[in-house]
Amino acid sequence: QEDNMYALGLGLLKYESIVLSSLLIRRVCMPYLQELSMKEKININLAILQGIEVVYVARAETPYSRYGYFHVGMRRPVYCTALGKILVSQHPELIDDVFKDGVIKCTENTITDADTYRKEIEKVNLQGFATDLEEWNNGSNCIAVPIKDLGGNIIAGISISGPTTQYSRETILGYREILLE
């Protein structure tokens with residue numbers, strides 16, 4: 001306490017595992033993510049939508065691919081990530097909120113126009129998957145698919161991402177069927 005101000009301390013981190021283990025989607029999906037990760041020798045991410053952000057809730061890593069820095073709780077924008085596109089695809093009403101104050105152009109490929117993004121979301125809905133081909137980060141490609149509940153509602157998304165040197169457009173698209181299965 002300094003001048004009647006309070007700040008969150010490191011002690012709060014001990015509650016992270018409690019919160020994460022209470023997420024049903026994480027508990028249900030982790031064995032499948034780990035199995036797929038080891039079988040295909042790839043890293044798999046699991047994320048949910050919170051507001052207009054993607055929140056990573058799990059990651060299955062393989063020793064064969066140590067690409068990128070990911071941590072549970074990490075947040076990313078919905079407009080320039082494959083997971084974001086998947087999660088927004090069932091909630092097109094969020095698009096206006098995402099673009100109302102403008103968005104940051106992260107790379108030359110980042111979609112910064114709401115109408116162009118709407119067309120991208122229509123494409124995602126038709127094909128059943130989303131890609132981020134160097135939209136969030138130069139030198140990185142990603143593909144994501146939805147996880148649906150019994151009612152057909154998208155409740156989360158899973159993705160594979162990696163450097164363009166290892167995951168070209170064609171290579172990343174090759175994981176589509178494996179992820180959908």
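1. Y32 is exposed, because its relative accessibility is 58% (exposed means over 50% relative accessible area, buried under 20%, and partly exposed in between, with a 1.4 Å probe and protein chains only). The model is a predicted one, in which local features need pLDDT of at least 70 and side-chain atom pairs count only at pLDDT 80 or more, while totals for chains, interfaces and linings use all residues. Residues are numbered from 1 along each chain as its sequence is written, and side-chain values use heavy atoms, with hydrogens and water left out.

2. Y32 belongs to helix α2, residues 24–40 (helices, H or I with at least four residues, and strands, E with at least two, are DSSP runs numbered from the N terminus). Together with L24 and V28, Y32 forms a nonpolar patch on the surface, and the three have about 340 Å² of accessible area together. Patch residues have over 30% relative accessible area and no salt bridge, and nonpolar side chains (Val, Leu, Ile, Met, Phe, Trp, Tyr) are joined within 5 Å, like charges within 9 Å. Areas come from the Shrake-Rupley method with a 1.4 Å probe, and for residues only the protein chains shown count as cover.

3. Which residues lie nearest the centre of the largest pocket? They are Y32, L33, I158, L179 and E181, out of 19 lining residues. A pocket is an open set of points on a 1 Å grid over the protein atoms alone, where a 1.4 Å probe fits, with protein on both sides within 12 Å along at least five of seven lines; lining residues have an atom within 4 Å of a point. Helix α2 gives the largest share of this lining, 10 residues. By class, the lining has 15 nonpolar, no polar and 4 charged residues (Ala, Val, Leu, Ile, Met, Phe, Trp, Tyr, Cys and Pro count as nonpolar, Asp, Glu, Lys and Arg as charged, and the others, Gly among them, as polar).

4. A salt bridge is a side-chain nitrogen of Lys or Arg within 4 Å of a carboxyl oxygen of Asp or Glu, and the count by this rule is 8. One of them joins E61 and R59, at 2.8 Å from N to O. R59 is buried, because its relative accessible area is 16%, whereas E61, at 37%, is partly exposed.

5. K123 and E120 form another salt bridge, with their closest N and O atoms 3.8 Å apart. Both residues lie in helix α5 (residues 114–127), 3 residues apart, or about one turn of the helix. K123 counts as partly exposed at 42% relative accessibility, and E120 as buried at 13%.
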